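Work through the exercises below with the sequence and the structure at hand. A solution follows each task.

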Amino acid sequence: MKLRSFLILSACSLVLFAAVTLLSARLPVPISQQAAAGKRVWQKHNCVSCHTLFGNGGYVGEDLTNIVAKVNPPQLVQYLIQPPVMRPNRYRHHPALKRTEAENVVSYLEYVHTIPTLGWPPQPQKAGDEP
């Protein structure tokens with residue numbers, strides 16, 4: 001009796017899992033082609049080794065989760081095409097990208113900005129301030 005109930009529940013769970021998987025695969029993809037290309041550039045150049053998205057990644061560079069709210073996209077593209085010297089170095093530049101790669105990365109960062117982050121990244125507070 002117990003084995004039979006277990007097998008029936010397992011079969012029902014498998015059918016439910018397969019149905020949800022097939023239905024979710026047919027949902028429209030909200031990310032644009034340009035943003036997807038920007039994600040591939042992000043991964044190809046290993047940007048996550050220095051920069052953070054949603055709190056994940058390196059801490060050498062800035063958290064770029066909401067960077068498009070601070071800096072407008074044309075400025076970001078220009079920064080990625082003609083990068084300045086990185087602080088605190090005197091001679092090392094941020095890696096330069098081609099214009100299309102830079103536009104794709106900025107499109108990806110604009111997409112990332114649309115994802116609800118529930119207040120991430122946290123804003124710095126002075127000691128003793130109440131949240």
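**Exercise 1.** Within how many Å do the axes of helix H4 (residues 73–81) and helix H5 (residues 99–114) come, and at roughly what angle do they cross?

Solution. The model is a predicted one.
- Step 1: the axes of H4 and H5 come within 9 Å and cross at roughly 135°.
- Step 2: the crossing of H4 and H5 is right-handed.
- Step 3: on the H4 side the contact is made by Pro 73, Leu 76, Val 77, Gln 78, Leu 80 and Ile 81, which meet Arg 99, Ala 102, Glu 103, Val 105, Val 106 and Glu 110 in H5. By type, the residues of this contact of H4 with H5 are eight nonpolar, one polar and three charged.

**Exercise 2.** Find the buried residues of H4 and say what covers them.

Solution. 
- Step 1: Leu 76, Val 77 and Leu 80 are the buried residues of H4. They span an arc of only 100° around the axis, so they lie on the same side of H4.
- Step 2: the cover over the buried residues of H4 includes helix H3 (67–70) and H5.

**Exercise 3.** Describe how helix H2 (residues 33–44) is placed against H5.

Solution. 
- Step 1: the axes of H2 and H5 come within 7 Å, crossing at roughly 105°.
- Step 2: the range for roughly perpendicular is 65 to 115 degrees. H2 and H5 are therefore roughly perpendicular to each other.
- Step 3: Gln 34, Ala 35, Ala 37, Gly 38, Lys 39, Val 41, Trp 42 and Lys 44 in H2 meet Glu 101, Glu 103, Asn 104, Val 105, Ser 107, Tyr 108, Leu 109 and Tyr 111 in H5. The contact of H2 with H5 divides into eight nonpolar, four polar and four charged residues.

**Exercise 4.** Is Leu 53 buried or exposed?

Solution. 
- Step 1: locate Leu 53, which is found in strand S1 (residues 52–53).
- Step 2: buried means under 20% relative accessible area. Leu 53 has a relative accessible area of 8%, so Leu 53 is buried.
- Step 3: list the neighbours. Leaving out residues up to four places away in sequence, Leu 53 touches Trp 42, Asp 63, Leu 64, Thr 65, Tyr 108, Leu 109 and Val 112.
- Step 4: compare sequence and space. Leu 53 and His 113 are 60 residues apart along the chain, and their C-alpha atoms are separated by 9.8 Å.

Terms used:
Residues numbered from 1 in each chain as written. Predicted model: local features only at pLDDT ≥ 70, side-chain atom pairs only at ≥ 80, totals over all residues. Heavy atoms only, no water. Axes fitted to C-alpha atoms, helices over the stretch in contact; angles between N-to-C directions. Helix = DSSP H or I, 4+ residues; strand = E, 2+ residues; numbered from the N terminus. Left-handed = near helix turned anticlockwise from the far one by under 90°. Contact = heavy atoms within 4.5 Å. Nonpolar A, V, L, I, M, F, W, Y, C, P; charged D, E, K, R; others polar. Buried < 20%, exposed > 50% of the residue type's maximum accessible area, 1.4 Å probe, protein only. Arc of directions from axis to C-beta. Parallel < 35°, antiparallel > 145°, perpendicular 65-115°, else oblique.
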